[in-house]
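Hello,

Here is the structure I promised to pass on. My notes on it follow below.

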Amino acid sequence: MVKRIVLTGGPGSGKTSVLEKIKQVYSSEGYKVIIVPETATELMNNGITFKDGSISLLDFQELVMRLQLAKEEVVERAIELSNSDKVIVVYDRGTIDNTAYIKKEEFEEILARLNNVKSFADLMNKYDLVINLVGREDFYTTENNKARSESANEALKLGDTTLKCWLGHKLVKIVLPKDTIEEKTNEVLNIINELLKEKQVKRQEKYSVDLRNSDLEKVREIGKAMQIEQTYLSSDDSTEKRIRKVSFNDCVSYIFTVFKKLSDGSKVIVSEKQIDKKLYDNLMEFRDSKYESIRKIRYYFCYQGEYFNLDIFEDGQDIGILEINVGEDEKVVTPAFIAVLEKVSDNELYFNKNIARKKGQKLEKKHD
């Protein structure tokens with residue numbers, strides 16, 4: 001088992017202290033823990049910087065990306081050579097963090113300069129989990145990092161921008177400011193424990209949304225949009241198979257997912273991988289004739305430290321679906337700019353597979 005985790009956040013959000021604790025805790029539990037230090041800081045501390053005017057910010061970010069990808073390649077080779085079957089890789093920032101410092105078109109220019117990166121989606125999908133640490137102005141310091149020059153306020157703004165860069169990743173967890181670094185570290189450890197146990201401590205809640213009375217401009221302003229085309233494939237009674245075409249940041253990726261149906265009627269993912277367009281087109285030949293393809297726009301955004309999805313379906317209906325993961329006894333606070341109608345987590349009419357079913361087909365009775 002190998003899990004790849006990105007620890008990100010604005011300058012001074014506590015990443016260094018948290019990384020030390022992660023290595024200490026999981027090494028003692030028998031994991032091989034590989035910590036990959038922040039690349040931009042590494043370059044600047046060794047004399048390669050844009051701040052002296054010797055190179056442009058764009059060229060510096062290209063160098064950051066090249067070194068980051070090289071380090072990740074070395075890590076993957078080290079994992080291959082290792083005899084450990086329990087590996088945790090933690091990156092102090094990942095490749096997507098670069099987009100917090102440059103414009104979208106500049107990031108695309110950097111990708112064009114590289115010949116070993118296919119798309120933004122390829123970079124995003126390399127990691128199993130992204131943990132974003134939110135900083136606090138009164139905890140900010142430059143004493144433990146000589147490459148840091150931002151003010152406390154600038155550091156907080158960079159933190160917000162960094163979080164928005166990762167919107168759209170399948171698993172983003174946000175750790176809000178705490179009174180002590182120990183509290184923040186403990187929450188990070190709990191999040192990693194969820195990943196390692198491959199179960200969700202938090203449950204997914206769904207709410208129907210009145211789109212006509214929701215501020216969708218606000219959603220577009222603070223979030224990111226992903227276009228999804230989802231198709232169900234023919235499968236036996238014990239499994240469910242689907243393929244997705246995902247358009248995000250002007251890039252298209254294709255994902256094949258296999259679920260195992262459990263005896264209680266729920267299901268778990270047993271395989272999920274990115275495929276190429278040729279295989280996607282071939283798999284489309286095996287689509288289940290009882291279902292239409294679902295086409296929707298999914299908006300990812302944050303509100304009061306929580307991560308939301310809002311699905312708006314292509315069929316033009318005025319009802320959307322809002323999703324949030326919540327813990328036991330955790331109060332759900334829905335965004336003020338979203339006109340929530342009712343909770344529909346257990347309403348089979350709102351399961352994606354039932355939305356896709358053709359007229360006359362029976363309803364699915366458990367989560368999709």
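The largest nonpolar core has 38 residues. Met65, Val89, Leu123 and Trp166 have the most contacts inside this core. Helix α3 supplies the largest share of the core, five residues. Please keep in mind that this is a predicted model.

Tryptophan 166 deserves a look. Leaving aside neighbours within four places in sequence, tryptophan 166 is in contact with Val6, Thr8, Gly94, Ile96, Asp97, Met124, Tyr127, Val130, Val172 and Tyr307. A second, separate core has 21 residues, among them Ile22, Ile88, Leu129 and Leu196.

Next, helix α4, which spans residues 104-113. Which residues of helix α4 are buried? They are Phe107, Ile110 and Leu111. These three sit on the same side of α4, because they cover an arc of only 100° around the axis. The elements that cover them include α3 (57-81) and α5 (120-124).

Now the charges. Side chains of opposite charge can pair when their charged atoms come close. The count here comes to 22 salt bridges.

Two of the salt bridges share aspartate 311. With lysine 296, the closest N and O atoms are 3.0 Å apart. Lysine 296 lies in strand β11 (residues 294-303) and aspartate 311 in strand β12 (residues 306-313), so this pair ties together parts 15 residues apart in sequence. With arginine 298, the N to O distance is 2.7 Å. That pair also links strand β12 to strand β11, across 13 residues.

A separate network is built from salt bridges that share partners: Asp59, Glu62, Arg66, Glu109 and Arg113.

Arginine 212 and aspartate 210 also form a salt bridge, at 3.5 Å from N to O. Here the two ends are set differently. Arginine 212 is exposed, because its relative accessible area of 60% is over 50%. Aspartate 210 is buried, because its 9% is under 20%.

On to the rings. The count comes to eleven aromatic pairs. One of them joins phenylalanine 50 and phenylalanine 60. This pair is tilted, with 5.2 Å centre to centre and 55° between the planes. Phenylalanine 50 is in the loop between α2 (39-45) and α3, while phenylalanine 60 is in helix α3, ten residues apart. Phenylalanine 50 is partly exposed, with a relative accessible area of 27%. Phenylalanine 60 is buried, at 1%.

Tyrosine 254 and tyrosine 280 form another tilted pair. Tyrosine 254 lies in strand β9 (residues 251-261) and tyrosine 280 in helix α9 (residues 277-283), so the pair ties together parts 26 residues apart in sequence. Both tyrosine 254 and tyrosine 280 are buried. There is also an aromatic cluster, made of Phe301, Tyr303, Phe308 and Phe337.

One last item: asparagine 354, in helix α10 (residues 352-356). What lies 2.6 Å from a polar atom of the side chain of asparagine 354? It is the backbone oxygen of glutamate 348. Asparagine 354 itself is buried, with a relative accessible area of 5%.

Best wishes

Methods
Residues are numbered from 1 along each chain as its sequence is written. This is a predicted model: local features need pLDDT of at least 70, side-chain atom pairs count only at pLDDT 80 or more; totals for chains, interfaces and linings use all residues. Side-chain values use heavy atoms; hydrogens and water are left out. Helices (H or I, at least four residues) and strands (E, at least two) are DSSP runs, numbered from the N terminus. Buried means under 20% relative accessible area, exposed over 50%, partly exposed in between (1.4 Å probe, protein chains only). A polar contact is a pair of N or O atoms within 3.5 Å; within protein, one must be able to donate a hydrogen and the other to accept it, and residues adjacent in sequence count only if both atoms are side-chain atoms. The arc is that of the directions from the helix axis to the C-beta atoms. Contact means heavy atoms within 4.5 Å. A salt bridge is a side-chain nitrogen of Lys or Arg within 4 Å of a carboxyl oxygen of Asp or Glu. A nonpolar core is a set of buried Ala, Val, Leu, Ile, Met, Phe, Trp, Tyr and Cys residues joined through side-chain atoms within 4.5 Å. Rings of Phe, Tyr and Trp (its six-membered ring) pair if their centres lie within 6.5 Å; planes under 30 degrees apart count as stacked, over 60 as edge-to-face and the rest as tilted.
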